[in-house]
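Colleague: Hi! I'm new to this one. Could you walk me through it?

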Amino acid sequence: MTNDQLSELSSRKEINLKSSYFPYCIVWTPIPLITYLFPSIGHTGIGTSSGIIHDFASSFFVSVDDFSFGKPTKYIKLELTEQEKYNWDRAIEKGDNKYNMQEHNIFLNNCHSHVAFVLNQLNFHGRNNYNMVSIWWMLILRGKYVSFCGFFKTYFPFLLIVLIIIFVILFKK
């Protein structure tokens with residue numbers, strides 16, 4: 001690596017919303033149509049120590065630094081031990097290697113599974129039983145929206161659908 005590349009990596013230790021760098025974070029964004037109907041369901045990824053997002057985007061493909069479905073709208077900054085930080089990027093690499101050879105299944109083997117695998121590789125917080133549901137639940141309980149616009153992008157389509165249904169019910173003849 002050149003000195004410029006090393007300098008850029010070292011400056012990415014903090015979350016940078018503009019550049020979509022989320023070091024030591026789980027990130028989330030809405031999936032068109034699915035999130036419109038079920039606002040808590042979306043796409044997840046995980047940020048390396050330098051903030052580059054990796055996500056299991058489709059069968060046999062883990063996207064790197066090109067988060068599927070757009071920029072993150074919600075994130076969790078993980079509190080890591082020094083040992084977990086030391087092993088973080090290696091665990092993501094193991095997850096990428098595994099999921100680059102996996103078939104994507106929206107119900108059983110998806111982006112949440114990829115993130116869970118990485119946390120299990122780390123034995124994050126002394127646990128190695130993370131799964132799709134625990135990642136989903138973690139995002140619901142601890143996820144922070146990047147801004148009001150992130151919140152709006154998540155819930156506006158759902159609220160619009162609900163309002164249309166209410167309007168149709170109230171004014172049908």
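Colleague: Let's begin with the largest pocket: how do the residues of its lining divide into nonpolar, polar and charged?

Modeller: Keep in mind that this is a predicted model. The lining has 12 nonpolar residues and 5 polar ones, with no charged residues.

Colleague: Thanks! And what volume does the largest pocket have?

Modeller: Its volume is about 440 Å³.

Colleague: Which residues lie nearest its centre?

Modeller: Those are Ile41, Gly42, Ile106, Asn110 and His112, out of 17 lining residues.

Colleague: Which element gives the most to that lining?

Modeller: Helix 5 does, with 3 residues. Strand 2 (42–47), helix 4 (111–122) and helix 5 (132–142) each supply at least two.

Colleague: New topic, the largest nonpolar core. How many residues has it, and which have the most contacts inside it?

Modeller: The core has 20 residues, and Leu78, Trp88, Leu119, Ile135 and Met138 have the most contacts inside it. Two or more residues come from each of strand 1 (25–30), helix 3 (82–99), helix 4 and helix 5. Helix 4 provides the largest share of this core, 5 residues.

Colleague: Why might nonpolar side chains be buried together?

Modeller: As a general point, that is what they tend to do in soluble globular proteins.

Colleague: Back to Ile135: what does it touch, leaving out residues up to four places away in sequence?

Modeller: Ile135 touches His112, Val115, Ala116, Leu119 and Tyr130.

Colleague: Which residues belong to the other core, the one lying apart?

Modeller: That core has 6 residues, among them Phe22, Val27, Ile53 and Tyr75.

Note on methods: Residues numbered from 1 in each chain as written. Predicted model: local features only at pLDDT ≥ 70, side-chain atom pairs only at ≥ 80, totals over all residues. Heavy atoms only, no water. 1 Å grid on protein atoms, 1.4 Å probe; cavity = no way out; pocket = protein on both sides within 12 Å on 5 of 7 lines; lining within 4 Å. Points joined across faces, edges and corners; volume = space filled by probe spheres on them. Helix = DSSP H or I, 4+ residues; strand = E, 2+ residues; numbered from the N terminus. Nonpolar A, V, L, I, M, F, W, Y, C, P; charged D, E, K, R; others polar. Core = buried A, V, L, I, M, F, W, Y, C linked by side-chain atoms within 4.5 Å. Buried < 20%, exposed > 50% of the residue type's maximum accessible area, 1.4 Å probe, protein only. Contact = heavy atoms within 4.5 Å.
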